[in-house]
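Work through the exercises below with the sequence and the 3D view side by side. Try each task before reading its solution.

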Amino acid sequence: MSTDSPSERAKRFAGSVLPVTEWLPAYDRSWLRTDLVAGITVAAAVIPEGLAYASLAGLPPQTGLYAALMGAATYVFFASSRQVLLGPTSALAILLLAGVGPIADGSELSYPALVTVTTVLVGVIAVAARVFRLGHLVSFISGSVLTGFSTGAALYIISTQLGKLLGISGSEGTFFERVWFVLVNLNEAQAATVAVGLISIALLLLGERYVPRLPTALVVVLLAIVASSVLNFQAWGVEIVGELPGGLPSLTVPSIPSIPVLGALFPVAFALFLLSYVEGIGAVQTFARRNGYRADPDQELLADGVGNVAAGLFGGFVVGGSMSRSALNDSMGGKSQVVSAVMALVLVVVLLFLTGLFTTLPDATLGAIVAVAALGLVDVAGMERLRSVSRSEFVIASAALLGVLAVGIVWGVFIGVGLSLLHTISLASSPKTEVLGRIPDTDHFVNLGSYPEAVEDPGVLVYRVDAGLFYANTNVVREDLEARVEGRDSPLDLVVFDLSSSPIVDFAGAEFLGELRSDLASRGIDLRVAGANAQVTELLAAAGLDGELGGVREDERIASAIDRWRREEEEETS
């Protein structure tokens, strides 16, 4: 029974839910200057990106600022990461539009109302995953899926901005449908819009190349606003953002849609949750390793969940961890989530006093910001590395990429994740197996195929499976072991099943070992196990196999198991 006082238990609980209660009292004040600079710099980047990503999601521009504000304001309290920043991303925005847009066409609720419901649903799914501590399970989604998805999503995102950059309206559908529509309607391109788009892209690329620490997107936005005001771009046919409502977002209680609509939204919300969390946890782990601390995947689920619920309830849309903004924060020397707090304060000032500044901002400039940001998601080097290292994972990445381009973002996510899980199951159900031999004059056993100098003990077969022993692979293992036993040229008296590479054995695996012992005994062959960990040892004892296998000892070495068997044989014959 715990002897902690109620206050100590409350403090420990608060620390487990709100990491800010632990790191803020220990905050090193020497970090404050760099955190302030990093926060202002990142805010300068997130303002134009927020406006652009809202447009990408088919929502009013100010909703991107609301999403960024609520993501930053909540992440301060719940994050286990010190460098990652929570907010809207291009991939989440386009997945939101692609998933919720078609559902809104046949719904009694408007598209913005369904976005609110979906965003809150994403948060609820993330919090539920935290309750069941699924942080590590979600991160099992293959990196190859993300490589293919990010590349496909980048191309799809760029295709959605072609009309905005060229002044051509009406393109919709998949990547191929959008590109084809633009190609056959190039004669409708608006010259002034094309010029604004191309100049914006050129300035963004030059800024990234030569002054990477400068908030280039904000500089380009301000230049475009000045040029638009002075030259009256609207009179030249260039579309502009228009009036943005000022003030902070207000609480919006979502309307509950009908059961069929809610059922249609759930897979979209689940896909958004997967993308939001997997993108974010990749950034969290990257910067935790780089800065020498540990982050908590389960805590990040809670942070992601609370951030999305807040974004949904206060006029925003789905948020996630941003790799690009987190990298900018890290490069500026950001040390803590004080950066998120500073960013939130800057966004509050902008929403209260500066929204009028963006009235004449050209849509083409926002399209350029989205397109250039999407270019950073294209991972040609990653695809090439997969192709040269693992053909199967390259196929998975290519399927995710083509799925995004051919059938859309939502199905691209599920195709990639589904193939990744099937690949994982395939690897686990068809594990590598090997026969071991002893290094002469030692008690060390190694793979015979890799070490020609190793030799087998007379009458003994040492067998190992490089995977857990569970229901999905016991039949494959049984057939492989039986083939090896039957293929022996010399008499066999003992099989030692080395479990040192099988950290997990389920009930089906235990039953398999019991049946194997009986089958081998009918041929006059004994079965022993070696290398069983504590969990496996307890399971075999509970299944009544301890005695049948000659006494299973935790972490017993192969040589010891063989020696024990020989002593018992000598005792029986003496």
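**Exercise 1: a residue in a helix**

Arg-325 lies in helix α14, which spans residues 323-331; helices here are DSSP runs (H or I, at least four residues), numbered from the N terminus. The model is predicted: local features need pLDDT of at least 70 and side-chain atom pairs count only at pLDDT 80 or more, while totals for chains, interfaces and linings use all residues. Residues are numbered from 1 along each chain as its sequence is written, and side-chain values use heavy atoms, with hydrogens and water left out.

Task: decide whether Arg-325 is buried or exposed, and find what Arg-325 touches.

Step 1. Buried means under 20% relative accessible area, exposed over 50%, and partly exposed in between (1.4 Å probe, protein chains only). Arg-325 has a relative accessible area of 3%, so Arg-325 is buried.

Step 2. Contact means heavy atoms within 4.5 Å. Not counting residues up to four places away in sequence, Arg-325 touches Val-42, Val-46, Glu-49, Tyr-53, Leu-85, Gly-87, Pro-88 and Thr-89.

**Exercise 2: two packed helices**

Task: describe how α8 (residues 143-166) and α16 (residues 363-375) pack.

Step 1. Two packed helices are described by the angle between their axes and the distance between the axes. For α8 and α16 the angle is about 165° and the axes are 9 Å apart. The axes are lines fitted to C-alpha atoms over the stretch in contact, and angles run from 0 to 180 degrees between N-to-C directions.

Step 2. That angle makes α8 roughly antiparallel to α16; angles over 145 degrees count as roughly antiparallel.

Step 3. The residues of this contact divide into 10 nonpolar, two polar and two charged. Here Ala, Val, Leu, Ile, Met, Phe, Trp, Tyr, Cys and Pro count as nonpolar, Asp, Glu, Lys and Arg as charged, and the others, Gly among them, as polar.

**Exercise 3: Val-196**

Task: locate Val-196 and list its contacts.

Step 1. Val-196 is in helix α10 (residues 191-210). Its relative accessible area is 9%, so Val-196 is buried.

Step 2. Leaving aside neighbours within four places in sequence, Val-196 is in contact with Phe-233, Val-238, Pro-362, Ala-364 and Thr-365.

How values were computed. Parallel < 35°, antiparallel > 145°, perpendicular 65-115°, else oblique.
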